[in-house]
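The sequence and structure come first, and the description follows.

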Amino acid sequence: MLSERDAPIIAVATPPGKGAVGIVRISGKNLQAFANALCRQILEPRRAYLTDIHDDKGQTLDQILALFFPAPHSYTGEDVLELQGHGGPVVLSMLVERCLEFAYKQDIGLAGLRLAQPGEFTQRAYLNQKMDLAQAEAVSDVIDAQTQAAVRGAGRSLVGAFSKQVEKLQEQLLRLRMLVEASLDFPEEEIDFVTQANVAEQLLAMQEETFLLCAKTRQGALLRDGMKMVIAGQPNAGKSSLLNALTGQDTAIVTAVAGTTRDVLTQTISMEGVPVHVVDTAGLRDTKSVDEVEKIGIERAWAQVADADVVVLLHDLSRANDTEYEARQAALIKQIMLQKSSHSPVLNVFNKKDLVTADCELLKQQPAICISAKTGQGLQALRASLLQSVGWQAEHQEGVFSARQRHVQALAQVQIHIAQALGLLQASSPALDLLAEELRCAQQQLSCLTGDMSADDLLGEIFSRFCIGK
């Protein structure tokens, strides 16, 4: 009986819904006989054949193009058969069912054909060494990319830009480990390999390289995931107007009535290629005097503030001399600082600049961003401050590759192990066994990035997020 990993798999590889063309993909070992029998002709590798697929009664299901890719020259590294038919969901489902029936009824050695799990085709490509783990993740990133810059970054990772830098660090660590292990294995020779090879200098150089790679990886993670920007403030501060100004469309209803926005509104825009998920929320105020619907909206607003990457706290310049308003605003600031994630910044943004005079005392006192959501004044400065607050550096955009939070966390651990190794070398009598362990741990973290050593549960988590058929 075939194991789950060895069983042939089948799935529709195109998105759900109607389309001009739909693709059914099959991957497994020894598919040639099955492909020839299904298509009723001998399929030469990488040539397209126009053929009819019939049901078990001999009636035509669809006229398709069939392409056969023999192992190892295929996406998965196994034999792959692609059936390119008409893109209707019903006909594609019938093609899949026919292939499953045909595999079990025909004596062609394809028993065990089953429906593929999410990401299983790419997982097999990784397991068959057609790509490393970082490249496999980049496949999903290309599909999910929300901006052109994100597509380009994912493309760089897909062709191995990130992997090559990781592999370079791995090779350097391996050489250092060999030197330290040699000093441990031959103490009687009195040869100080560590000193002679300037291990400390090599580690310092590696520390700098890792720092730069970690910074670029954080950029890549931001490019992939984007940032969640939550607009918060008291009622009528101009939150919905700001959402409309940033998105360039009338996404939210804007009125002079306090409490107009009662639910969370989200729109995704691009700022210098970075996806920004702009969240408009209900006005934050005491819930004792509001109705049940607005109360729920305010509760949801606080939940969004807690989960934000950056909070834009709007101040209403037209009420700058209202002591009661300012007192509520001060209390709101304290509550936001307690509510939000500890790492997420808060930008104080002063709105309605078009309604105040240039010599407004508040404008002179506050080192904050002043805008007019109505006229668009100051929005460019706001965009720049938003990107700066989450660490985006536009000048380093070229060459940035797609990355994930697990990559950032692994490289942070590498930095810690290298720093600890350098600390050990500063001692008068370095503990070489501890030094060797720090280097081993650093190399292990790097290996997890490309999948040289990865637990099955990690692989399952990564590939389960892919779409079916990929």
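Strand S11 (residues 346-351) and S12 run parallel and are joined by two bridges. Within this pairing, Phe350 lies opposite Cys370 in S12. Helices and strands here are DSSP runs numbered from the N terminus (helices H or I, at least four residues; strands E, at least two). Two strands pair if DSSP finds at least two bridges between them. The model is predicted: local features need pLDDT of at least 70 and side-chain atom pairs count only at pLDDT 80 or more, while totals for chains, interfaces and linings use all residues. Residues are numbered from 1 along each chain as its sequence is written, and side-chain values use heavy atoms, with hydrogens and water left out.

S11 and S12 belong to an open sheet of six strands in the order S8-S9-S7-S10-S11-S12, with mixed pairing. Strand S8 (265-271) and strand S12 (369-370) are at the edges with a single partner strand each, so one side of each has no neighbour in the sheet. Helix H8 (residues 199-225) packs on the sheet and touches strand S7 (227-232) and strand S9 (274-280); the direction of H8 makes about 55 degrees with that of S9. Helix H10 (residues 292-306) also packs on the sheet, touching S7, S9 and strand S10 (310-316), and its direction makes about 140 degrees with that of S7. Contact means heavy atoms within 4.5 Å. Axes are lines fitted to C-alpha atoms, for helices over the stretch in contact, and angles run from 0 to 180 degrees between N-to-C directions.

## The sheet from S3 to S6

Another open sheet has six strands in the order S3-S4-S5-S2-S1-S6, again with mixed pairing. Its edge strands, strand S3 (49-54) and strand S6 (114-115), each pair on one side only. Four bridges link strand S1 (residues 9-12) to strand S2 (residues 19-28) in the antiparallel sense. Ile9 is opposite Ser27 in S2.

## Helix pairs

Helix H9 (residues 239-247) and helix H13 (residues 379-389) pack at about 85 degrees, with axes 11 Å apart. H9 is therefore roughly perpendicular to H13 (65 to 115 degrees; under 35 is roughly parallel, over 145 roughly antiparallel and the rest oblique). Leu242, Ala245 and Leu246 of H9 make the contact with Leu379, Leu382 and Arg383 of H13. These residues comprise five nonpolar, no polar and one charged. Ala, Val, Leu, Ile, Met, Phe, Trp, Tyr, Cys and Pro count as nonpolar, Asp, Glu, Lys and Arg as charged, and the others, Gly among them, as polar.

Helix H14 (residues 405-425) packs against helix H15 (residues 432-450) at an angle of about 165 degrees, with their axes 9 Å apart. H14 and H15 are therefore roughly antiparallel. Residues of H14 in the contact include Arg406, His407 and Leu411, and those of H15 include Leu434, Glu438 and Cys441. By class, the contact has 14 nonpolar, five polar and two charged residues.

The axes of helix H1 (residues 32-39) and helix H2 (residues 89-105) come within 11 Å and cross at roughly 115 degrees. Phe34, Ala37 and Leu38 of H1 meet Cys99, Phe102 and Ala103 of H2. This contact has six nonpolar, no polar and no charged residues.

## Confidence

The protein has an average pLDDT of 85, and 86% of the residues score at least 70. pLDDT is the predictor's confidence in each residue, from 0 to 100. Confidence is lowest in helix H12 (residues 361-365), with a mean of 55, and highest in strand S5 (residues 79-87), at 96.
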